[in-house]
Amino acid sequence: MNFWENPFVETAASFSVVVLCSVVFLAVFEIVTKYNNWEEIKKGNLSVAMATGGKIFGISNIFRFSIQHNDTLVEMMLWGLCGFVLLLMGYFIFEFLTPSFRIDTEIADDNRAVGFISMVISIGLSFVIGANIG
């Protein structure tokens, strides 16, 4: 067994890649939302915390499936990116399907019902996306 096939090395590599990708993907979510996630969380906005937590769970869950079904880091990253794009599309679809109010505005205003449903949508979609990762 060579160095790169060692399960500890593989785990450390996957972990490092997922953490880095998660930071990048959360930065993208930060750009597309109309509020500052971390400032709102710092102020105690539970709705933003739930929505952000759902995104973190969703990204992690997509990578869980990607790690399980792919043999290389590159494949894992590509499927993770694909899953993230689908999760991001889900966010925009959720915003589009609620034309009577703005999701971002409601979450920024600490509407916990909207924050909760946003969290559940991210988590739910991550399972659907993950199940389709090849």
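Predicted model: local features only at pLDDT ≥ 70, side-chain atom pairs only at ≥ 80, totals over all residues.
1. Start with helix α1. This helix has 26 residues. From its first C-alpha to its last it reaches 37 Å, close to the 38 Å expected at 1.5 Å a residue. Look at the start of α1 as well. There, a side-chain oxygen of asparagine 6 comes to within 2.7 Å of the backbone nitrogen of phenylalanine 8.

2. Which residues of α1 are buried? They are Val9, Ala13, Ser14, Val17, Val18, Cys21, Ser22, Phe25, Leu26 and Phe29. An α-helix has 3.6 residues a turn, so residues three or four places apart point the same way. Keep that in mind when you trace the list on the model. The buried residues of α1 pack against α2 (37-42), α3 and α4.

3. Now the rings. A pair of aromatic rings is described by the distance of the centres and the angle of the planes. The model has 7 aromatic pairs. Take phenylalanine 25 and phenylalanine 63. Their ring centres are 6.1 Å apart and their planes are at 15°, so this pair is stacked; the cut-off for stacking is under 30 degrees. The pair links distant parts of the chain, 38 residues apart. Phenylalanine 25 belongs to helix α1 (residues 7-32), and phenylalanine 63 to helix α3 (residues 46-69).

4. Are these two phenylalanines buried or exposed? Phenylalanine 25 has a relative accessible area of 6%, so this residue is buried. Phenylalanine 63 is buried too, with a value of 1%.

5. A second pair has another geometry. Phenylalanine 29 and tyrosine 91 are edge-to-face, with 6.2 Å from centre to centre and 75° between the planes. This pair also links distant parts of the chain: phenylalanine 29 is in α1, tyrosine 91 is in helix α4 (residues 73-96), and 62 residues separate them. Both phenylalanine 29 and tyrosine 91 are buried.

6. Phe25, Phe29, Phe63, Phe84, Tyr91 and Phe92 form one aromatic cluster. Elsewhere, a charge meets a ring. The charged end of arginine 64 sits over the ring of phenylalanine 65, 4.1 Å from the ring centre.

7. Threonine 52 lies in helix α3. Leaving aside residues up to four places away in sequence, threonine 52 touches Asn37, Trp38 and Ile41.

8. What does serine 118 touch, not counting residues up to four places away in sequence? The contacts are Ala51, Phe94 and Ile107. The C-alpha atoms of serine 118 and serine 47 are separated by 8.9 Å, although these residues are 71 residues apart along the chain.

9. Last, compare the record with the model. An unreviewed UniProt entry places "transmembrane region" at residues 12-32, 44-64, 76-94 and 114-133. Over residues 12-32 the model is 100% helix and 0% strand, with end C-alpha atoms 30 Å apart. Residues 44-64 are 90% helix and 0% strand, and their end C-alpha atoms lie 29 Å apart.

How values were computed
Residues numbered from 1 in each chain as written. Heavy atoms only, no water. Phe/Tyr/Trp six-rings, centres within 6.5 Å; stacked < 30°, edge-to-face > 60°. Helix = DSSP H or I, 4+ residues; strand = E, 2+ residues; numbered from the N terminus. Buried < 20%, exposed > 50% of the residue type's maximum accessible area, 1.4 Å probe, protein only. Lys NZ or Arg CZ within 6 Å of the ring centre and 35° of its normal. Expected span 1.5 Å × (residues − 1). Contact = heavy atoms within 4.5 Å. Polar contact = N/O pair within 3.5 Å; in protein donor to acceptor, adjacent residues only side chain to side chain. UniProt positions renumbered as here; feature names shortened; annotations may be inferred.
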